[in-house]
2 protein chains.
Amino acid sequence: VIDSVAIIGLGLMGGSLARDLAARGVRVVGFDSNRESLQAALEEEVIADALGDDFAGIENVLAVVLAVPVKSAETILWACAPRLGKANLITDVGSVKRGIVTTAEKLGLGKHFVGSHPFTGDHRAGWSAARSNLYKGARVFLCPSAETSDGALAAAQELWSTVGALTQNMSADEHDQRIAWTSHLAQITATALAHALGQQGILSDELGPGGRSVTRLAASDADVWTDIALENGAELAAAIAELEKRLSLARAAIAAADAAAVREFFTVGATWSVRSSPS
Amino acid sequence: VIDSVAIIGLGLMGGSLARDLAARGVRVVGFDSNRESLQAALEEEVIADALGDDFAGIENVLAVVLAVPVKSAETILWACAPRLGKANLITDVGSVKRGIVTTAEKLGLGKHFVGSHPFTGDHRAGWSAARSNLYKGARVFLCPSAETSDGALAAAQELWSTVGALTQNMSADEHDQRIAWTSHLAQITATALAHALGQQGILSDELGPGGRSVTRLAASDADVWTDIALENGAELAAAIAELEKRLSLARAAIAAADAAAVREFFTVGATWSVRSSPS
């Protein structure tokens with residue numbers, strides 16, 4: 001049973017996890033480089049104690065969760081490594097998995113490391129966005145290293161099921177390839193649309209409900225997404241190129257007033273939308 | 001006071017308007033080429049009577065609302081014109097305004113015609129999607145013709161304020177130019193993303209909450225959007241080209257692992273998002 005967890009980074013993902021674990025009686029210790037967030041988490045008694053700036057205190061917990069942007073997670077893993085001798089489980093919440101899994105292996109932490117990617121959240125960030133039940137019913141992709149022990153994988157499954165999530169195992173390679181399409185491309189799309197609208201002088205509150213839905217993600221945290229885009233650059237560039245191609249085909253059909261091609265464009269999109277999800 | 005209205009097309013827009021007007025005591029007569037929708041609207045007593053297939057009965061109302069796809073609205077206006085001698089107000093709900101305003105003028109109906117574009121709705125369609133209060137608090141763009149009388153414009157304002165909407169007057173040209181960016185480009189974006197995902201073998205229910213938000217509009221009615229895209233083709237093609245350019249720039253920065261440029265990309269998008277709308 002995981003009765004103590006250290007969470008590094010108390011933003012939307014880490015703060016929400018801390019809230020749910022604390023509510024279930026788990027002793028949570030935490031760290032955030034934002035002093036106000038850390039203080040708020042202590043005052044609300046979500047975390048029982050704060051880790052030191054050098055992560056002192058982390059050696060006493062059985063599970064460690066890195067909940068910071070992808071590149072920072074790798075840096076912090078290097079910094080914490082000497083103190084992680086006792087941890088049964090070391091995991092993270094990043095949206096790209098190859099880099100962190102490789103780093104864990106390099107640091108000799110592969111046996112206890114399981115990469116986690118909870119497929120939930122929204123464009124908001126920080127402790128103020130952290131909330132209860134963020135993980136309830138959410139999928140969490142688990143990417144073990146080549147050396148991960150059965151015990152560590154079971155601990156990761158337990159951690160996430162404690163907060164109501166459903167885990168799914170896959171390799172880091174497979175994860176990163178798929179997620180470029182199922183998540184990262186949507187973020188790039190929303191941000192690129194925001195750029196196009198902004199240069200045209202359109203303000204965000206001039207949009208209707210549809211436009212707001214498509215651009216909502218553009219508000220996402222720039223630090224988080226800079227790391228993700230750089231970490232998954234090759235896969236993501238290929239996905240963006242495919243979207244450009246589809247836009248270019250649509251533009252050509254519209255500019256040529258090719259009614260059949262335009263109708264086909266919208267029909268195929270609508271069919272894709274309803275194929276697997278009824279609402 | 002508008003105490004009788006004919007609504008042609010009882011889908012999301014027309015059906016919702018019929019519901020709200022009927023609830024406020026207005027006598028609504030209606031038509032829909034879908035017999036089941038028409039029958040349902042009669043049985044639920046949302047419409048008091050059905051117009052004939054040749055729109056017989058329309059000559060007795062003071063206001064007529066065309067709530068069908070853009071091209072069909074023009075066709076129906078031609079068909080109804082001989083019967084519209086008494087109407088004080090003829091309007092529509094289409095998302096493109098130049099064509100219908102021009103058609104009204106050609107038909108000698110310019111004095112009584114005001115183009116309306118309620119900036120609300122979602123990807124759903126049909127009578128089953130029609131609901132109360134769709135227009136509450138929504139913006140409705142009003143585009144008078146060069147010949148529209150003050151009385152007709154006042155009647156259009158009254159009609160929409162009866163159902164809780166806020167009207168804003170602008171020329172059809174200005175409307176169509178702006179709406180290509182504030183609405184139509186978002187639809188094309190969502191549909192193009194659906195194409196890109198579909199060709200990669202990604203199903204819609206594999207997406208996370210962010211991806212679902214960006215692709216939701218792809219489910220929109222293909223007939224409605226085919227008409228819109230063809231009617232506003234030149235403006236829309238220019239907007240799509242701008243989005244392609246922004247995607248291409250993002251792709252280049254990501255492929256080159258240019259951290260500063262990637263960070264700038266996300267930062268500008270996030271800044272645009274929060275500039276004018278706080279949530």
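Biologist: How many cavities of 30 Å³ or more does the structure hold?

Modeller: This is a predicted model, and it holds one cavity of that size. The space in the largest cavity is about 40 Å³.

Biologist: What makes it a cavity and not a pocket?

Modeller: In a cavity a 1.4 Å probe fits but cannot get out, whereas a pocket is an open set. Residues of chain B line the largest cavity, among them B:Leu66, B:Val68, B:Asp92, B:Gly94 and B:Ile100.

Biologist: How is the lining of the largest cavity divided by class?

Modeller: The lining has eight nonpolar residues, one polar and one charged. B:Asp92 and B:Gly94 are both in the lining; Asp counts as charged and Gly as polar.

Biologist: Why is B:Glu45 called exposed?

Modeller: Exposed means over 50% relative accessible area. B:Glu45 has 66% relative accessibility, so B:Glu45 counts as exposed. B:Glu45 is in the loop between α2 (35–43) and β3 (49–50) of chain B, and its phi is positive, near 60 degrees.

Biologist: Why is the pair of B:Phe31 and B:Phe55 called edge-to-face?

Modeller: Rings pair if their centres lie within 6.5 Å, and planes over 60 degrees apart count as edge-to-face. Here the centres are 5.3 Å apart and the planes stand at 70 degrees, so the pair is edge-to-face. B:Phe31 is in strand β2 (residues 27–31) of chain B and B:Phe55 in the loop between β3 and β4 (63–66), 24 residues apart. B:Phe31 and B:Phe55 are buried.

Biologist: What makes the pair of B:Phe119 and B:Phe141 tilted?

Modeller: Planes under 30 degrees apart count as stacked, over 60 as edge-to-face and the rest as tilted. For B:Phe119 and B:Phe141 the angle is 55 degrees, with 5.4 Å from centre to centre, and the pair is tilted. B:Phe119 lies in the loop between β6 (113–118) and β7 (139–144) of chain B and B:Phe141 in strand β7, so the pair ties together parts 22 residues apart in sequence.

Biologist: How do you know that B:Phe119 and B:Phe141 are buried?

Modeller: The cut-off for buried is under 20%. B:Phe119 has 9% relative accessibility and so counts as buried; B:Phe141, at 7%, also counts as buried.

Biologist: Which residues touch the most other members of the largest nonpolar core?

Modeller: A:Ile188 and B:Ile188 do, in a core of 68 residues. Elements giving two or more residues to this core include α6 (172–199) of chain A and α6 (172–199) of chain B. Beyond its neighbours within four places in sequence, A:Ile188 is in contact with residues including A:Leu236, B:Leu247 and B:Phe265.

Technical notes: Residues are numbered from 1 along each chain as its sequence is written. Chains are lettered from A and ligands numbered from 1 in the order in which they are written. This is a predicted model: local features need pLDDT of at least 70, side-chain atom pairs count only at pLDDT 80 or more; totals for chains, interfaces and linings use all residues. Side-chain values use heavy atoms; hydrogens and water are left out. On a 1 Å grid over the protein atoms alone, a cavity is a set of points where a 1.4 Å probe fits but cannot get out, and a pocket is an open set with protein on both sides within 12 Å along at least five of seven lines; lining residues have an atom within 4 Å of a point. Grid points are joined across faces, edges and corners, and a volume is the space filled by probe spheres set on the points. A nonpolar core is a set of buried Ala, Val, Leu, Ile, Met, Phe, Trp, Tyr and Cys residues joined through side-chain atoms within 4.5 Å. Buried means under 20% relative accessible area, exposed over 50%, partly exposed in between (1.4 Å probe, protein chains only). Helices (H or I, at least four residues) and strands (E, at least two) are DSSP runs, numbered from the N terminus. Contact means heavy atoms within 4.5 Å. Rings of Phe, Tyr and Trp (its six-membered ring) pair if their centres lie within 6.5 Å; planes under 30 degrees apart count as stacked, over 60 as edge-to-face and the rest as tilted.
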